[in-house]
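My notes follow the order in which I looked.

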Amino acid sequence: MSGAQMAARAARQAVIPSASGRDRTFAWIFRAMMYAAVGLAMLALVTLLYDVASDGLPKLSTDFVTRFPSRILPERAGIQSAIVGTFYLMIICTVIVVPLGIATAIYLEEYADRDKWWNRLVEINIQNLAAVPSVVYGILGLAFIVRGPISLGRTLLAGGITLSLLVLPVVIIVAREAIRAVPPSIREGSLALGATQWQTIWKQVLPGSIAGIATGVILALSRAIGETAPLLVIGAAVNPRFNPDGLGSAFTALPIQIFAWTQDPNRDFVALAAAAILVMMVALLLMNSVAIFLRNRYEQKW
Amino acid sequence: MPERVTEPERQSPAQRAVEQRNQAAVDEAAAAKPAKRPTDREVIFDVNDVQVHYGDKKAIRDVTFDLHRNEITALIGPSGCGKSTFIRCLNRMNDLIPSARVDGEVIYHGENLYAGDIDPVQVRKRIGMVFQKPNPFPKSIYDNIAFGPRVMGMKGDMDEIVEGALKRGALWDEVKDRLKTNAFGMSGGQQQRLCIARSLATSPDVLLMDEPCSALDPISTGRIEDLMMELKENYSIVIVTHNMQQAARVSDMTAFFTVELNNEGRDRTGAVVEYGATDQIFTNPGDKRTEDYVTGKFG
């Protein structure tokens with residue numbers, strides 16, 4: 001280092017003093033607190049996983065997945081009807097929630113005039129509905145869909161509609177965010193070329209937001225997959241030895257089966273519940289991975 | 001007084017012809033008011049008493065002037081003077097702002113664009129627009145150009161339409177080997193020329209440009225100015241610009257807007273101070289405010 005450089009460095013140190021001891025201590029404490037918070041969260045998760053896995057892993061087998069539930073013999077019980085029921089519920093949910101949710105989001109983002117009180121009312125209601133406890137949706141489903149005006153009975157369709165109502169607000173909110181992420185300049189560019197508003201939405205806005213919407217729908221469905229309370233309230237079947245054979249059929253779902261087994265005084269059934277939890281977690285993990293993949297691979301960077 | 005900044009080699013024969021014609025017109029009508037030159041030039045927009053309100057705020061007032069065919073008209077003035085608001089009246093882009101209300105008449109080829117039975121979508125098919133920030137669609141270069149013709153249901157060979165538009169946008173040679181690549185991979189200047197070419201693909205009559213070079217470097221700006229000089233042979237161009245040299249270089253006519261403060265400075269309303277031939281606005285302005293602005297005393 002030449003003399004001139006050293007002189008320059010000395011001058012710089014005088015101008016920009018190093019961080020004080022107090023600042024450093026603060027930074028260190030803050031960092032330690034954050035690590036502790038992350039560690040605590042991870043510890044809880046790992047403990048839970050370990051507990052479930054140690055009970056459930058020995059019970060996991062292809063037989064467990066393909067057999068029907070049993071009330072009497074834990075060694076012959078399985079979860080086929082629960083898996084099939086959950087799968088059907090997801091399909092019904094998707095069919096209902098995707099068109100309704102996207103259409104609502106498009107209306108609110110692209111057409112609604114926010115100065116009008118009825119549009120603001122719709123917005124506020126959707127925000128609130130997303131925060132309503134799921135058991136309330138169960139009561140709603142019981143009063144209006146299972147009994148009452150719609151009277152579908154304790155059927156697969158009633159369960160699917162109830163879960164759809166539960167996740168619809170979440171889907172709308174996520175879809176709105178994805179649509180809002182498309183910059184206004186894209187809409188202007190399209191409209192300035194003589195495209196109609198609908199052409200602009202269909203050919204520019206939706207293609208630009210579809211990955212975000214799909215991600216949101218999958219995450220919302222993965223919330224629905226784990227919901228127990230609303231299905232319990234509307235009266236899902238417990239331990240059915242048959243798969244649902246249509247929309248009007250009785251049904252069960254994985255969380256219902258898990259709940260039923262954890263209530264059983266026989267410890268062997270509780271272990272089966274742990275095994276079923278593992279199956280459900282794998283399903284959740286798969287869905288979330290697909291969501292992350294979609295987001296990383298297809299989401300539009302503006 | 002600033003000299004008019006013009007590189008001689010950039011002057012096309014057409015531009016020279018227009019200038020000669022303008023000069024002839026000026027000589028002919030030396031006694032007339034300087035801003036109102038009698039001409040035989042075809043009027044493309046006859047703007048009468050246009051006012052725009054955003055809610056109850058008046059954004060521009062009493063804009064009245066004629067815009068001519070195959071000329072470049074520049075709108076200059078300080079920030080907030082309503083230049084962009086005004087240019088967006090010419091293809092009804094202000095309809096997209098729910099609180100905006102446009103009064104007055106914009107007569108285009110004899111039809112008032114604000115008459116009740118006019119469909120803004122049809123207006124925008126005839127009058128294209130290029131924005132301040134290049135806004136290519138997140139698609140291939142080809143699909144960016146083809147979007148307009150496709151939504152219009154244009155007949156004919158799409159490859160030819162795309163090639164023609166890119167050539168008119170002076171972009172063909174640079175992109176002909178990568179038409180299928182994403183437009184986001186282009187430079188800012190190329191993206192803006194793509195946006196110009198995209199507007200040309202639907203064969204409009206008028207091209208509105210809202211500060212098209214403000215996000216570009218000087219070289220890209222120069223290319224777009226060259227392009228504008230070529231395009232005015234076939235199109236009429238209206239350009240909003242903050243760059244006075246740019247207005248002086250490219251435009252035939254210039255309108256100078258200013259901001260009026262009303263209601264103790266709470267309301268800002270734009271209005272036209274002066275409209276006339278560009279060389280006259282820059283060398284012999286009729287209004288003190290124009291002179292102060294073009295000589296750089298404020299703005």
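These entries go from whole chains to single residues.

**Ground rules**

I am working with a predicted model, where local features need pLDDT of at least 70, side-chain atom pairs count only at pLDDT 80 or more, and totals for chains, interfaces and linings use all residues. Residues are numbered from 1 along each chain as its sequence is written, while chains are lettered from A and ligands numbered from 1 in the order in which they are written.

**Entry 1: chain A overall**

I looked up the secondary structure first. Chain A has 12 helices and zero strands. Helices (H or I, at least four residues) and strands (E, at least two) are DSSP runs, numbered from the N terminus.

Next I checked the dimensions. The radius of gyration of chain A, taken over C-alpha atoms, is 26 Å. A compact globule of 302 residues would come near 19 Å; that rule is 2.2 Å times the number of residues to the power 0.38. I also noted that the C-alpha trace of chain A spans about 90 × 60 × 35 Å along its principal axes.

I then looked at burial. Of the 302 residues in chain A, 35% are buried. A residue is buried if 20 or more other C-beta atoms lie within 10 Å of its own, exposed if 12 or fewer, and partly exposed in between, with C-beta atoms placed from the backbone.

Contacts came next. Two residues are in contact if their C-beta atoms, placed from the backbone, lie within 7 Å. Among contacts in chain A with a separation of 6 or more, 74% involve residues 24 or more positions apart.

**Entry 2: chain B overall**

Buried residues account for 44% of its 299 residues. For chain B contacts between residues at least 6 apart in sequence, 71% join residues at least 24 apart.

**Entry 3: domains of chain A**

How is chain A divided into domains? The assignment gives domain 1 (14-59) and domain 2 (62-298). Such bounds come from an automatic or database domain assignment. The centres of the two domains, taken over C-alpha atoms, are 33 Å apart. Five residues of domain 1 and seven residues of domain 2 form the contact. On the domain 1 side I listed two nonpolar, one polar and two charged residues. For these classes, Ala, Val, Leu, Ile, Met, Phe, Trp, Tyr, Cys and Pro count as nonpolar, Asp, Glu, Lys and Arg as charged, and the others, Gly among them, as polar.

**Entry 4: H2 against H12**

I turned to a helix pair in chain A. Helix H2 (residues 21-56) packs on helix H12 (residues 267-298) at an angle of about 115 degrees, and their axes are 7 Å apart. Axes are lines fitted to C-alpha atoms, for helices over the stretch in contact, and angles run from 0 to 180 degrees between N-to-C directions. From H2(A), the contact uses A:Val52, A:Ala53, A:Asp55 and A:Gly56. H12(A) brings A:Ala271, A:Ala274, A:Ala275, A:Ile277 and A:Leu278. By class I have seven nonpolar, one polar and one charged.

Which residues of helix H6 (residues 134-146) of chain A are buried? They are A:Tyr137, A:Gly138, A:Gly141, A:Ile145 and A:Val146. Helix H7 (156-180) and helix H10 (229-234) of chain A are included in what covers them. After H6(A) comes A:Gly148, with a positive phi near 60 degrees.

A:Ser151 lies in the loop between H6 and H7 of chain A. It is not a glycine, yet its phi is positive, about 50 degrees. A:Ser151 counts as exposed because it has 10 C-beta neighbours inside 10 Å.

**Entry 5: a serine in chain B**

B:Ser203 also has a positive phi, near 50 degrees, and is a residue other than glycine. I placed B:Ser203 in the loop between helix H7 (188-200) and strand S7 (206-210) of chain B. With 19 other C-beta atoms within 10 Å, B:Ser203 is partly exposed.

**Entry 6: where A and B meet**

The contact takes 15 residues from chain A and 21 residues from chain B. Helix H8 (184-192) of chain A gives the largest share of the chain A side, six residues. By class, that side has five nonpolar, eight polar and two charged residues.
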